[in-house]
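Visitor: I would like to learn how to read the features of a protein model. Could you take me through one, feature by feature?

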Amino acid sequence: MAAREGSLVAAVLARSGRLDKEHLGARVGRLSRRVEELKGEVCTMINKKYSEFLPSMQSAEDLVAQVEGLANNIDSLKAGIENEVQRDLNVAVAEFTELKQQLERDTLVLSILKKLQEIDSSIKECSSALLEEQYVAAAQQLEKARSSLRSLESRRGFELKILKALGTELTVQTQNLIYHLRQEWQKLIVWKLPPSKGSSSLEAVVLSELHLHTLLPQDEDTAVPPVAAVLQALAVLGELHSRLKDFGQLLLQYILKPLISHPSLEPVPEEQPDVFILRFRSQELVLNESSPMEVFDKIKLVFEVLHKHLLNVPLEQPGEGRKEGRVTLAELLGELIWEELSDCLIHNCLVDSIPTNSSKLEQYKEVIESTEEFEKALKKMQFLKEDTTALLKYACNVDSHFANKKCQDVIMAARNLMTSEIHNTVKITPDSSLALPELPDPGSGDHLKMQRPSSLLQSGTVNLGSESRLSPFTLCLPTCRISSSVQQLVELAYHTLLEATASTDLCCVQLFDCVRNIFQLFYEVVPTYHRENLQKLPQLAAIHHNNCMYIAHHLLTLGHQFRFRSTSVLSNGAATFVDLVPGIRRLGIECFLAQMRVQKGEILERLSSARNFSNMDDEENYCAANKAIKQVLHQLRRLGMVWQDVLPVNVYCKAMGALLNTALAEIVTRIAALEDISAEDADRLYSLCRIMVEEGPQVFTPLLEEDKNKKYQEEVPVYVQKWMTFKELMIILQANLQEIVDQWADGKGPLAEEFSAAEVKSLIRALFQNTERRAAALAKIK
């Protein structure tokens, strides 16, 4: 079975192989025929393309040959141009450049020759015009020649010797013309001045005259007046400014300023046929100063006559031919002197006319109107420009100037008072009336209503709603002496504040600040200016203390009194002087305390010569101690007399008590420090202490009336802290041990109130010998 299947497979495969070979052979035959066909087509196409390419190639080769020929021709032409044509072209350009430069030189020389011809012609025409006294034409020709010369000199790299010669000639011609013009100027304007030039005294001014020869004769009629020709020629040459400046300074020095400074001086114009004369005369006046209206009238009269005969000359500005370039001599003169003249009018006329009282401010309107009319008149004469209002602005600002002047006067017056003598005094009492301005009642309206005086009782006491009543002198300054200058200073402050209430708001604030400045100035000036006297003289120190207390006393209520009478700016509480009170009080207190320290130092220095109060059984030591005690008492008595009726009683007693207390405390300390006191020493120490006790109260003499001083002499223990201590020391010096123990009273007696246990024990040991009784006594002192 298997073999059969194998034979079938083999047969199938053999048949399939035969079939493939036949099929492949057929296909190969077909392909061969197709290749042959393609070969034939390719050969045909190649033959066709080649036959078309040959003519094109031939034509291209012909073109290449032609191009090479043309390139050879171009190279030949280029070589010819470079060798022949370029050389000829360079020669032509060089010739053209040379011709051009020659033309430029010829043109420049021609223009220079024309300029030189113009300069020469101008100089000749100037000389001719000068001979004919045609000054304007001569000046214009000179200016024309100078302009041409400047244009020649401005060329760089160009120098001609003739230019220097021409410049020299022009300078000579210019100076010659200026000389003639100055001669003409001096003929037209003649000043006759006093021998002592520069003096502005009244006598010198009266001798001064100004002559103007600017009037033409009636039978002479010229197109250009001589004065106009001279002025125009000076303007063309640039000399008018210097001439006019000199004229303006003489006008100020000998005419305008004297008219302002000397009220009695009056201008007297006089017109003659060929000359105008301005002279002056002096009149006797009752017042030493004239009003601004009178000064303005005099100045205006001078300018009117000058404008008529000199200043009303139109001038052509150099280089301008338009109408706008024309100015008058008045304009030029105004630019030169108005600033100085206006300052003189303000400082020597308007300042003095400012009122010193606010009630006269209303009358100042006349001055303002007169100032406005004065400026208008000067502007009409073209002396001032339309926008110039310096005088009017100053006059209209009268409120500020019034305040400034018032403040300056007040400060100067205050400073003079502060630097005057302090020892010229007046007595101030609680019921004394100060010469102060009577203040008006506070106004109503927006201000708060103040309590009317009806609330005060007729007896002068204030009803508190019960039986208790205050003294009419409550819060009043105690009786004392102050410098009359300080009283005047406070009066000045009151009057200034009253003046402020009647002024404008701005002025009110300024015056209020001025019053504050017064007291701030007092704080700085007085202790500095009077330093040496305040340090050396006890009485002046006491007066200065009172002055400060007096000022501080018024400063407490000064602002409140004017609060409802001042402007709204100050009525809201800003108008106060209370902040100055502590400083002013401290100033007086420190000065007086410094003097107290000096006096205490002198007391201690004198007591230092008492030889510590030891060994009083020695006569020399006793005499030294006795002398020291008497010197201290003498010093206290002298101070008591110096401060008598000057210091307030309470201040006087406190001051004298402090000084006496210093002496007693020093004596107690020296005696308590002794280690050994004999019976004789104790007796002599007691006698010395008795001198202090007997004579010490007598230094308390605050009042001039002797009988009234006894009250204060009896109150010595009130003002002398160590008085009772001193008396207890005297008791110890004369007491025995038992009496001392009794005085101690177990620490409850009078001795215990003044001395400590250690001090008492020390005194017992110094006074008594070491015995059982002393030991027993010492044991009880504890």
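Guide: Gladly; let us begin with a single residue. Glu666 is buried, at a relative accessible area of 17%, because buried means under 20% relative accessible area, exposed over 50% and partly exposed in between, with a 1.4 Å probe and protein chains only. This is a predicted model, in which local features need pLDDT of at least 70 and side-chain atom pairs count only at pLDDT 80 or more, while totals for chains, interfaces and linings use all residues. Residues are numbered from 1 along each chain as its sequence is written, and side-chain values use heavy atoms, with hydrogens and water left out.

Visitor: Where does Glu666 lie, and which residues is Glu666 in contact with, leaving aside its neighbours within four places in sequence?

Guide: Contact means heavy atoms within 4.5 Å. With those neighbours left aside, Glu666 is in contact with Leu604 and Leu607. The residue belongs to helix α19; helices (H or I, at least four residues) and strands (E, at least two) are DSSP runs, numbered from the N terminus.

Visitor: Which side chain does Glu666 meet in a salt bridge?

Guide: The general idea comes first: side chains of opposite charge can pair when their charged atoms come close. A salt bridge is a side-chain nitrogen of Lys or Arg within 4 Å of a carboxyl oxygen of Asp or Glu. Here Glu666 meets Arg670, at 2.7 Å from N to O. The two are 4 residues apart in helix α19 (residues 649-672), so about one helical turn separates them. Arg670 is buried, as is Glu666.

Visitor: How many salt bridges are there by this rule?

Guide: The count comes to 19 salt bridges. One of them joins Glu532 and Lys536, with the closest N and O atoms 2.9 Å apart. Both residues lie in helix α14 (residues 531-536), 4 residues apart, about one turn of the helix. Lys536 counts as exposed because its relative accessible area is 56%. Another salt bridge links Arg611 with Glu620, where the closest N and O atoms are 3.2 Å apart. With a relative accessible area of 38%, Arg611 is partly exposed. There is also a network of salt bridges, linking Glu209, Glu270 and Arg279.

Visitor: Which strands pair with β2?

Guide: Two strands pair if DSSP finds at least two bridges between them. Strand β1 (residues 189-192) pairs with β2 in the antiparallel sense over 4 bridges, and Ile189 stands opposite Leu212 there. Strand β4 (residues 276-282) also runs antiparallel to β2, joined by 3 bridges; His211 has Ile277 as its bridge partner in β4.

Visitor: How many bridges join strand β3 to β4?

Guide: Strand β3 (residues 265-271) and β4 run antiparallel and are joined by 7 bridges. Pro269 has Leu278 as its bridge partner in β4. The two strands form a hairpin, with 4 residues between them.

Visitor: Let us turn to the nonpolar residues. Which of them have the most contacts inside the largest core?

Guide: A nonpolar core is a set of buried Ala, Val, Leu, Ile, Met, Phe, Trp, Tyr and Cys residues joined through side-chain atoms within 4.5 Å. The largest core has 122 residues, and Phe247, Ile255, Leu256 and Phe522 have the most contacts inside it. Helix α8 (residues 329-353) gives the largest share of this core, 12 residues. A second, separate core has 73 residues, including Cys591, Phe592, Ile732 and Trp744.

Visitor: What does Phe247 touch, not counting residues up to four places away in sequence?

Guide: Phe247 touches Trp185, Ile189, Trp191, Leu210, Leu310 and Leu333.
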